[in-house]
Amino acid sequence: MVLHYFQKKENIVNNIATEQYKNILLESKNFINKYDFFKSKDYNTSFEIISVFLIMYIRKNLINENRKKYLKINEKLVSLFISDLDESLREKGIGDMSIGKYVKSYVKKFYFRVKNFPENNSLYKNVVFIEYLKTIKLISNNDYNDVSRIFDEKFRNLINS
């Protein structure tokens with residue numbers, strides 16, 4: 001009799017996380033398609049852009065007043081991200097026998113990105129973020145300031161949606 005209340009709260013967290021993950025994916029797709037900063041527009045580029053937006057969103061949630069609720073949302077976001085990695089790698093044709101290895105390598109990359117991501121969510125002309133962009137080797141020209149400005153703008157749009 002009491003259990004339905006717990007499930008209801010969990011459903012709210014799941015719905016918030018799912019909706020935000022959809023927004024992150026949409027903003028990432030728009031970012032990749034709209035700008036010509038990237039060396040290539042492939043799976044790895046998509047992974048990196050989604051990772052940056054996801055990390056920025058998770059970091060924003062950690063400084064929120066209702067931290068306990070947002071920790072659950074963050075946990076669900078990462079779970080959705082990992083499930084999405086698995087599904088998209090399967091769509092690329094990776095079989096059941098080796099899918100775990102690929103997912104594990106991308107999850108390791110993601111957590112490495114989390115560890116090395118700048119603490120400050122203001123990314124425009126942020127030296128640490130620009131160095132971060134250089135390490136992931138996505139940008140074709142030396143347009144790091146422009147890319148950091150656009151990331152910053154896109155992230156502001158994302159959190160206000």
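This is a predicted model: local features need pLDDT of at least 70, side-chain atom pairs count only at pLDDT 80 or more; totals for chains, interfaces and linings use all residues.
Reader: Let's start with the rings. How is a pair of aromatic rings described?

Author: A pair of aromatic rings is described by two things, the distance of the centres and the angle of the planes. In this structure the count comes to six aromatic pairs. Take Phe47 and Phe81: their ring centres are 5.9 Å apart and their planes sit at 25°, so we call the pair stacked, since planes under 30 degrees apart count that way.

Reader: Okay, and which helices do Phe47 and Phe81 lie in?

Author: Phe47 is in helix H2 and Phe81 is in helix H3, so this pair ties together parts that are 34 residues apart in sequence. Phe47 has 3% relative accessibility, so it counts as buried. Phe81 is buried too, with a relative accessible area of 3%.

Reader: What kind of pair do Phe47 and Tyr106 form?

Author: That one is edge-to-face, with 4.9 Å from centre to centre and 65° between the planes. Tyr106 lies in helix H4 (residues 99-116) and Phe47 in helix H2, so here the parts tied together are 59 residues apart in sequence. Both Phe47 and Tyr106 are buried.

Reader: Which residues do the ring pairs link into a cluster?

Author: Tyr43, Phe47, Phe81, Tyr106, Phe110 and Tyr111.

Reader: Now helices. Which residues of H5 are buried?

Author: Helix H5 covers residues 127-136, and Phe129, Ile130, Tyr132, Leu133 and Ile136 are buried there. They cover an arc of only 155° around the axis, which puts them on the same side of H5. Now look at the face turned away from that buried side: it carries the exposed residues Val127 and Thr135.

Reader: Which residue follows H5?

Author: Lys137 does, and its phi is positive, near 55°.

Reader: Last topic, pockets. How many residues line the second largest pocket, and which lie nearest its centre?

Author: The lining has 13 residues, and Tyr43, Ser46, Ile50, Asp84 and Ser88 lie nearest the centre. The space in this pocket is about 250 Å³.

Reader: Which helices supply the lining of the second largest pocket?

Author: Helix H1 (3-34), helix H2 (43-62) and helix H3 (67-91) each supply at least two residues. The largest share, six residues, comes from H3.

Reader: And what does the lining of the second largest pocket have, by class?

Author: Seven nonpolar, two polar and four charged residues.

Note on methods: Residues are numbered from 1 along each chain as its sequence is written. Side-chain values use heavy atoms; hydrogens and water are left out. On a 1 Å grid over the protein atoms alone, a cavity is a set of points where a 1.4 Å probe fits but cannot get out, and a pocket is an open set with protein on both sides within 12 Å along at least five of seven lines; lining residues have an atom within 4 Å of a point. Grid points are joined across faces, edges and corners, and a volume is the space filled by probe spheres set on the points. Helices (H or I, at least four residues) and strands (E, at least two) are DSSP runs, numbered from the N terminus. Ala, Val, Leu, Ile, Met, Phe, Trp, Tyr, Cys and Pro count as nonpolar, Asp, Glu, Lys and Arg as charged, and the others, Gly among them, as polar. Buried means under 20% relative accessible area, exposed over 50%, partly exposed in between (1.4 Å probe, protein chains only). The arc is that of the directions from the helix axis to the C-beta atoms. Rings of Phe, Tyr and Trp (its six-membered ring) pair if their centres lie within 6.5 Å; planes under 30 degrees apart count as stacked, over 60 as edge-to-face and the rest as tilted.
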